[in-house]
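Trainee: Could you walk me through this one? I'd like to begin with a residue and its surroundings.
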Amino acid sequence: MPSTLVAIVDDHEVVREGVRLVSMTSQADVKLVGSSDSVSTLLDQLGRDPENPALTAHGAKRIECDVVLLDLSLADRSRSASNVERLRSAGMKVLIFSIGENAALIRESLRAGALGLVRKSEPLEHAIEEARNIADGKPVITKELAAAIDGDVEFSRAALSPREQETLRLYASGFAQVQVARRMGIKQSAVKTNIDRIREKYARIGRPAPTKIDLRIRAIEDGLVEPEADITTAEKHL
C-alpha cells in the first residue's frame, strides 16, 4: 500500500516541526510533502496556482498531496471555509487540526468540505493516524465534531444534490454502475464520481457508507428507497 501524502497548515512552527518529526517515525506509513503557515504558501509549495488551485502553477513542479491538516484559525485571518474550499479544489482532502472549541467554525469548515477534526491536545501520532484514515475514506468522529453536527439540523442529512439522489436511488435499488449510467444518460465514470461524493458526504456527517449495502441502508434511512425496493420497483420511477 502506498504512503499517504500529508501536508500541514498551521501558524505555529513548533507544531509543524512536531508533525514533521512524527511523520518520519509513524507506523501509519505517511509522508509529509508540505508544511506552511498559510494555505496560499502551501499551494505554492505543492506547485499549484494560488488563484486557481486546480491548476499547476506555470513552470512549477506539481507535488501530489492526499490530506491536509488544517488549523481553523490562522494568523493571516483567512476564513476557514475559504481555506477548505481552496484545498478541496486542488484535489486534497482536509482534516481540521485545532483546539476544537469553536463549533460554528467547525460547522463552517464541514460545509465547505472538511472530512473530520482532530484536537491539538491529542498526541501528534493520533493526528497522523487519522490523516491516513481520511485518505482511506474512513470517517473521523470526535466529541467536538459530534457536538458541532448535533447543533445544526442541516447536518442530519447528507445534503445530496438531485443528481446524487437519483444515482443513489438507482444504485441502492440494485443496479450496477453501468446500468445506472445507461438509465441516467451519463458516463459510467460520472456515476462512479457521484457515488464517491455520496460516500464522502455521508462520512462527513458521521454516517459512513463504505459498501453498497451501507449505501442502501442510508438510502432507506433518508427515504430515497423503500425497504422492499428492488430493481423492478426502481424501474417504475424511470
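Trainee: So where does D71 sit?
Mentor: D71 is in the loop between β5 (67-70) and α3 (80-89); strands are DSSP runs of E with at least two residues, and helices are runs of H or I with at least four, numbered from the N terminus. This is a predicted model, where local features need pLDDT of at least 70, side-chain atom pairs count only at pLDDT 80 or more, and totals for chains, interfaces and linings use all residues. Residues are numbered from 1 along each chain as its sequence is written, and side-chain values use heavy atoms, leaving out hydrogens and water.
Trainee: Is D71 buried or exposed?
Mentor: D71 counts as buried because its relative accessibility is 5% (buried is under 20% relative accessible area, exposed over 50%, partly exposed in between, with a 1.4 Å probe and protein chains only).
Trainee: And what does D71 touch?
Mentor: Leaving aside residues up to four places away in sequence, D71 touches V9, D10, D11, F97, S98 and K120; contact means heavy atoms within 4.5 Å.
Trainee: What does UniProt list for D71?
Mentor: An unreviewed UniProt entry lists D71 as "modified residue: 4-aspartylphosphate", though such annotations may be inferred rather than shown by experiment.
Trainee: Switching to β5, which residues cover its faces?
Mentor: V67 and L69 are buried on one side, and V68 and L70 are buried on the other.
Trainee: Why the two sets?
Mentor: Because side chains in a regular strand alternate between the two faces of the sheet.
Trainee: How many bridges join β5 to β6?
Mentor: There are 4, and β5 and β6 (residues 93-98) run parallel; pairing takes at least two DSSP bridges between two strands. V68 has V94 in β6 as its bridge partner.
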